[in-house]
Amino acid sequence: MGGAKTKRMPRAVREQQMLDAAVRIFGQRGYMAASMDEIAELAGVSKPLVYLYLNSKEDLFTACIRREATALTEAVRAGVRTDLPADRRLWDGLLAFFVHTAEHPDAWSVLHLQARTHGEPFAAEAAAMRRELVAFVTRLVAIAAREAHRDPDLPEHEVAGLAEALVGAAESLAAWANSTPGVTARQAASTLMNFAWSGLGNLMSGHSWTPPAGDA
């Protein structure tokens with residue numbers, strides 16, 4: 001006797017199901033309002049199993065941040081082809097960023113809003129992701145400068161500042177695009193590319209704007 005045995009789901013698969021559910025609940029309800037009961041129910045597991053796998057609500061939230069930060073940075077890196085001109089590299093990176101954040105709005109809420117507003121260590125996890133994106137964009141800007149000139153070196157602080165500004169603008173624009181009906185990822189990327197590339201082009205061709213004399 002004895003019926004067919006139920007195949008046991010591997011721990012890694014079960015854990016990803018829990019993280020999927022947690023990202024959805026955290027992203028839609030916020031960290032404070034989210035409950036482990038809701039997460040367990042959505043994942044189709046018992047609450048004790050969630051605690052067994054991921055220890056606590058804080059550890060679960062940290063795991064969500066780390067997973068989604070890795071997914072976003074990998075998506076941006078994978079979107080950029082190094083054999084293309086500088087403007088295409090920047091465009092492809094921006095498009096990959098906006099496509100990913102549009103397709104994963106709950107994950108973006110976790111990274112951009114929830115992780116930053118509930119203290120350490122959550123904010124530190126989000127900051128680490130941002131530093132990685134800024135470093136990647138810094139390299140794209142430096143490459144663009146090299147391609148624009150035979151003597152290409154922009155001051156290091158100028159390149160770093162441009163990368164910080166570009167990432168900050170992308171973050172704000174992604175939040176706006178995700179909350180504004182009808183705005184596509186391509187439209188958001190195009191808006192920022194037009195804004196950024198016009199400025200970068202002028203700067204790298206030596207036509208930078210200079211503050212009036214006497215200004216602080």
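Predicted model: local features only at pLDDT ≥ 70, side-chain atom pairs only at ≥ 80, totals over all residues.
The protein chain contains 9 helices and 0 strands. Read from the N terminus, the order of elements is α-α-α-α-α-α-α-α-α. The chain has 216 residues, and 41% of them count as buried. Among contacts in the chain with a separation of 6 or more, 70% are made by residues 24 or more positions apart. The accessible surface of the chain amounts to about 12,300 Å², and carbon and sulfur atoms supply 55% of that area.

The largest nonpolar core comprises 59 residues. Within this core, the residues with the most contacts are F26, I39, L60, L72, F97 and F98. Helix α7, which spans residues 122–148, provides the largest share of the core, with 9 residues. The surroundings of L72 were examined with residues up to four places away in sequence left out. On that basis, L72 is in contact with F97, H100, T101, W108, L111, M129 and L133.

K57 is located in helix α4, which covers residues 57–79. This lysine is buried but takes part in no salt bridge. The nearest side chain of opposite charge is that of E58, at a distance of 7.1 Å. A salt bridge requires a side-chain nitrogen of Lys or Arg within 4 Å of a carboxyl oxygen of Asp or Glu. The side chain of K57 does have backbone oxygens as polar neighbours: the backbone oxygen of Y31 is reached at 2.8 Å, and that of M32 lies 3.5 Å from a polar atom of the K57 side chain. With residues up to four places away in sequence not counted, K57 touches F26, Y31, M32, A34, M36 and Y51.

The structure holds 12 salt bridges. In one of them, the side chains of E125 and R66 meet with an N to O distance of 2.9 Å. E125 belongs to helix α7 and R66 to helix α4, so this pair ties together parts that are 59 residues apart in sequence.

E171 takes part in a salt bridge with R116, in which the closest N and O atoms are 2.8 Å apart. Because E171 lies in helix α8 (residues 156–179) and R116 in the loop between α6 (105–114) and α7, the pair ties together parts that are 55 residues apart in sequence. E171 has a relative accessibility of 4% and counts as buried, whereas R116, with a relative accessible area of 33%, is partly exposed.

E171 also forms a salt bridge with R130, at 3.1 Å from N to O. This pair links distant parts of the chain, with E171 in helix α8 and R130 in helix α7, 41 residues apart. Both E171 and R130 are buried. Salt bridges with shared partners join R116, R130, E164 and E171 into one network.

Note on methods. Residues numbered from 1 in each chain as written. Heavy atoms only, no water. Helix = DSSP H or I, 4+ residues; strand = E, 2+ residues; numbered from the N terminus. Buried < 20%, exposed > 50% of the residue type's maximum accessible area, 1.4 Å probe, protein only. Contact = heavy atoms within 4.5 Å. Areas by Shrake-Rupley, 256 points an atom, 1.4 Å probe, with all protein chains shown as cover. Core = buried A, V, L, I, M, F, W, Y, C linked by side-chain atoms within 4.5 Å. Lys, Arg positive; Asp, Glu negative; His and termini not counted. Polar contact = N/O pair within 3.5 Å; in protein donor to acceptor, adjacent residues only side chain to side chain.
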